[in-house]
Amino acid sequence: MKRLIIICEGETERNFCQHLLYPHFATRQIHIAYPLIKRSAGGIGSWESLKKQIITHLNESGAYVTTFIDMYGIKDSYNFPDWMPSKEIPNVKDRVRHIESAMNLDINHRNFIGNIIVHEFETLLFSDITIIQQLIDNSELNYPNLQTIINQHPDIELINNGTTTAPSKRLENNITGYIKSIHSHYLAESIGLPVIRQKCLKFNEWISKLEQI
């Protein structure tokens, strides 16, 4: 059985790995582990620190390593490879692919697969908002607003990264009492990995690469 280590930005990503990715990859004889980013209380930190952790995991015999981190929240000061030059790339998905390629070059190990989510994990929860409507009480949900967001963003991975308009902020604004650590994997499980992959093509690229290790 192959070993895959998915370095997670926070507990939300870990829960997703545990409940959706672990069983998916187990059927493909791929055992996954999902440690958190070290020296972090949740959230991304400097590339230098993350790079050290990646290399440590790569030194474990036969392990493949990837990252499960959000583009939203990465600061210029974190010095991710080619981060500043990538700002000249107008298409955000192409920009992220460029940064991922730069990460791969910097690590320079055949078992490393750089990955950044566009724009953040909560994007995945917009894959089927009818599930949100089914699971959240109407008194706590502004469903018309969520539908408007979908109508404005046929490609849900392009829901943007503004401080008030990022996917997580939109959920907080439209679900009373939304708590990321509680609601996110519950909703993701209910939506299901196949639907998420169909709706989030950049995310699906990542999963497809991992399936081929």
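D82 comes out as partly exposed in this predicted model, at 35% relative accessibility; on this scale, buried means under 20% relative accessible area, exposed means over 50%, and partly exposed lies in between (1.4 Å probe, protein chains only). Though not a glycine, D82 has a positive phi of about 60 degrees. D82 sits in the loop between strand 3 and helix 3, where helices (H or I, at least four residues) and strands (E, at least two) are DSSP runs, numbered from the N terminus.

N79 is placed in the loop between strand 3 (63-70) and helix 3 (83-86). Phi of N79 is positive too, near 60 degrees, again in a residue other than glycine. With 57% relative accessibility, N79 counts as exposed.

H119 belongs to the loop between strand 5 (116-117) and helix 5 (129-135).

As for the cysteines, a disulfide is taken as a pair of cysteine sulfur atoms within 2.5 Å, and by this rule the count is zero. C17 is in no disulfide, its nearest cysteine sulfur being that of C8, 3.8 Å away. C17 is buried, with a relative accessible area of 0%. For C200, the closest cysteine sulfur is in C17, 15 Å away, which is too far for a bond. C200 is likewise buried, at 0% relative accessibility.

Residues are numbered from 1 along each chain as its sequence is written, and side-chain values use heavy atoms, leaving out hydrogens and water. Because the model is predicted, local features need pLDDT of at least 70 and side-chain atom pairs count only at pLDDT 80 or more, while totals for chains, interfaces and linings use all residues.
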